[in-house]
Amino acid sequence: MAAWPNPTQVMGKPATRLDGPAKVTGSAKYSYDVQPDGWLFGMILCSKWPAATITKIDLTKAQGMPGVKAAVLAGGEQRTVRFYGQELAAVAATTKQQCLDAIRAIEITATPLPFVVKEDDAMKPDAPLVADGPNVSDPSVKAEGQVDAAMAAAAAVCEGELRTPVQLHHALETHGSTVSYKDNHLTAWTSTQGVFSVRDAFAGAMQMPQSNIEVICDYMGGGFGAKFGAGVHGGLAAKLSQAAGAPVKVMLTRLQEGLSAGNRPSSIQKIKFGADKDGKLVAATVENHGSPGISGSRKTAGGGGGANIATPYLYHFPNINVQQYGVLMNTGPASAFRAPGHPPASFGTESMMDELAVKLGMDPLQFRLLNDDNPVRQREYKEGAERFGWATKYQKPGSSPGPVKTGVGCAGGGWGGGGKGSEAEAQINPDGTVEVRCGTQDLGTGSRTLVAIVAAEAFGLKPEQIKVKIGDTNLPFSGGSGGSSTSASVSPAIWDACQNALAALQQQTGVPDARGANWFDTCKKLGINPLSARGKWQEGLSGSGAGGVNFAEVEVDTETGFIRIKKIVAVHDCGLIVNPLTTRSQINGGVLCGIGYALYEERIMDRQTGVLLNTSFDSYKIANIADCPDIDVILIDLPERGVIGIGEPAVIPPAGAIANAVANAIGVRIHSLPITPAKVLAALGKVPNMPSV
Amino acid sequence: MKPKTPASASALDRRSFLKGIGTSAVAVASVQVGAMADEINKAAPAPALQGPGAVPVSLTINGEKKDFQLEPRVTLLDALRYFSPLTGTKEVCDRATCGACSVLIDGKLTYSCMKLAIDAQGHEITTIEGLAKDGQLTPVQQAFIDCDALMCGFCTPGMVLATTALLAENPKPTVDDVKRACSGNLCRCGTYPHILNAALKASGQAVTETVTVIHHGSVA
Ligand code: FES
Ligand code: FES
């Protein structure tokens, strides 16, 4: 079995990003920036109806508009649309402004149909049917032990209905591609987490051989789980390119990004937990209804479209009954979103854990330590509690004096983070320069730099001496960047390729150790031919299974309902840490996305019209720099476990920890996310509950 | 760069202020009409109605004068990205909610999606491409790299410009100053703690590390 060197020289040391200069000077070219010769603007017309029968889509006028080179349909001319924002047609023209004019000139004949865009409405027996079957699916059930008897015998029981909203990904670069189709060959610059899965999707959509397609993603502006396929928009860009005989760029607008590009499903979790008098969990019943929009009837690439969540989370209940229902609505399809199913589960479970601890008269941290049998999280809780000052900061709920109340809370998470299957190639040139190639992609995680670090470790060089080529299907295969699998999948492949190249170099030149100081002299001995070697993922260099815990301290103004997060301590493990600098960024980023989920983010659909109400960042709020608390990141280095991914674990615990801190501050629990000032004031009885729109 | 000059022709300058009262007050106060019209014309002669077709537009971008034929409805953002083309300036929302499209106009931070290209004439426009001179990164750019204040990098041009504009006015900002100055720019990857560090570092101030690596065996 392969093994990492011990100690490592380059891995584990902070390294700035290879692509930092390109990003700070604006020279990095994203899919959205690529402008091949003769390129055209493409734009999509979306349904303005949440449900309708379309009988005619007339493109004639649009086709005759100035600058318009092509107009195509997204589906048939006669069809049923099922959500506001469903793609109907697309145009390509020389300028954006001409596209806007042409889109307006498309004439559509449609008969609106009844629709439903709220979970509670969709679950009613007389609700309009979203698809052919019933709106509420049959449950998936997990049942073990004797729940009723165990619950009846429990010393303490608590019960609640916890709700989480639909969260939108809103990566700053929207979904989209620039596509050039010519003579049955296709080149696509796509903003994607998986160049190979996009290639395969284009092959399917265009009925073309995979070998005639190249997908490139040199830089991309964030994905968070929603960017694995070519998408309807990619297919339209390809069709427009074919029809116009020119490259076409179709990037979604910010509005479209909120409608059709994926989202995290909502949840309504009816939870009941029971514990014995010593504080050991004995029974759980959970009934969850979550909505992936129309996903039940339209598969999304990359998976994760289902609304099942992991509640009850982390803890072992000997007696358990869980029922999960998917609820169809006339809203855009869900897709994977950073740790699918986990953040809502952590929020629901950890909220009820704190309630139960209060009932038992126990410190919530001690209650967790008693019931969480994961050894890494045990360590993380202890380390984090000390850093955070839990022992002195934790007070009984509602005991903080004055109008601005302070509270603390904690919560945990767990994730796989393993990966395999990547391949790579390392080329050593006679002048000592090195190029490493791998068909992975860098979403902003730092994977480009990770490739260089691993190669530098192998050759005894510095990361900036390695030239890295990623983000292209012409490179050795690597899978999609999802499930926090990239680091664990790519690092071993790079290491293996470099080891094979190094062995060949030493054999060809007769130098027993070519690394470090000997490097350039040895490479010179290659003569005129560069040397290259392939490698692939090997057992023993990566692992899986990462835990994480957060401690949160908040201040709640009971007169305004305003919540300020003062501090987050985030403790995580990810095996062998390849680059602490970018790992810290990943964790901060997860915490900030979790803060948005806890306090600000919620997709709001209008019950009356079925349209999205919060269409941009003025009304769909994500955390900004002023909301950013002091985040203290603690990494537990466990090199013997190999490389493990960290992107997803980081986003899981914040909402639960923050919700618990708010409840601890004000002495009342808010059962739904986001925890807005209006909900705080309503929970304190100062204003009536706000009706939902 | 002239940091303190007003940003644009559509900011509340003398001419637009006078024009503003011109439409309502002038109609009733007829005695004033002549004097008011004189004042308006003295402030600056109003251009003739332009468009809807393309009109000549001349912009000074990163010190270089460039001539375009643009429909008057074309924003400065689109003029930069699609007619120049300088793609470092990003479009994220196209409606003044994110700051990704930020540029400096006469040194002042401005959302280029909210400004028509024709209104940017006669001003110095600096985009992200115009900061580094002869490949030499500015201290702000270097600090962004050193502090890892960029992840996917899509918000980065706007963030770098927001920080640059801040330091031009306030060479030793506090953490709160940075928070205020950069709160009109959104980052979905979550680089904010590092942007705070980068702004402090670029202004020569100490940066507190907020990461601890606990090596094997050091936790019971
Ligand atoms: S694109 Fe201009 S503010 Fe968002
Ligand atoms: S670095 Fe990705 S949006 Fe800021």
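In this predicted model, chain A is divided into domain 1, which comprises residues 34–113 + 175–251, and domain 2, which covers residues 418–536. The centres of these two domains of chain A, taken over C-alpha atoms, are separated by 37 Å, and 16 residues of domain 1 are in contact with 17 residues of domain 2. Between them the two domains of chain A bury about 1200 Å², 51% of it on carbon and sulfur atoms; of the area that domain 1 buries against domain 2, A:Gln193, A:Phe196 and A:Glu214 supply 42%, more than any other three residues. The count of salt bridges between domain 1 and domain 2 of chain A is 1.

Strand S17 of chain A, residues 319–326, pairs with strand S7 of chain A, residues 140–144, in the antiparallel sense over 5 bridges, with A:Val141 standing opposite A:Gln323. Strand S16 of chain A, residues 281–290, runs parallel to S17(A) and is joined to it by 8 bridges, and here A:His289 stands opposite A:Tyr325.

As to confidence, chain A averages a pLDDT of 95, and 98% of the residues score at least 70. Over residues 297–305 of chain A, however, pLDDT stays under 50, and for this stretch the model has 27 contacts beyond four places in sequence.

In chain B, helix H3 (residues 76–83) is largely enclosed by the rest of the structure, because 7 of its 8 residues are buried. The buried residues of H3(B), among them B:Leu76, B:Asp78, B:Arg81 and B:Tyr82, pack against elements of chain A, namely strand S1 (40–46) and helix H3 (96–104), together with strands S1 (55–61), S2 (64–70), S3 (102–105) and S5 (124–126) of chain B.

Conventions:
Residues are numbered from 1 along each chain as its sequence is written. Chains are lettered from A and ligands numbered from 1 in the order in which they are written. This is a predicted model: local features need pLDDT of at least 70, side-chain atom pairs count only at pLDDT 80 or more; totals for chains, interfaces and linings use all residues. Side-chain values use heavy atoms; hydrogens and water are left out. Buried means under 20% relative accessible area, exposed over 50%, partly exposed in between (1.4 Å probe, protein chains only). Helices (H or I, at least four residues) and strands (E, at least two) are DSSP runs, numbered from the N terminus. Contact means heavy atoms within 4.5 Å. Two strands pair if DSSP finds at least two bridges between them. pLDDT is the predictor's confidence in each residue, from 0 to 100. Domain bounds come from an automatic or database domain assignment. Buried area is the accessible area (1.4 Å probe) that two parts lose on being put together, summed over both. A salt bridge is a side-chain nitrogen of Lys or Arg within 4 Å of a carboxyl oxygen of Asp or Glu.
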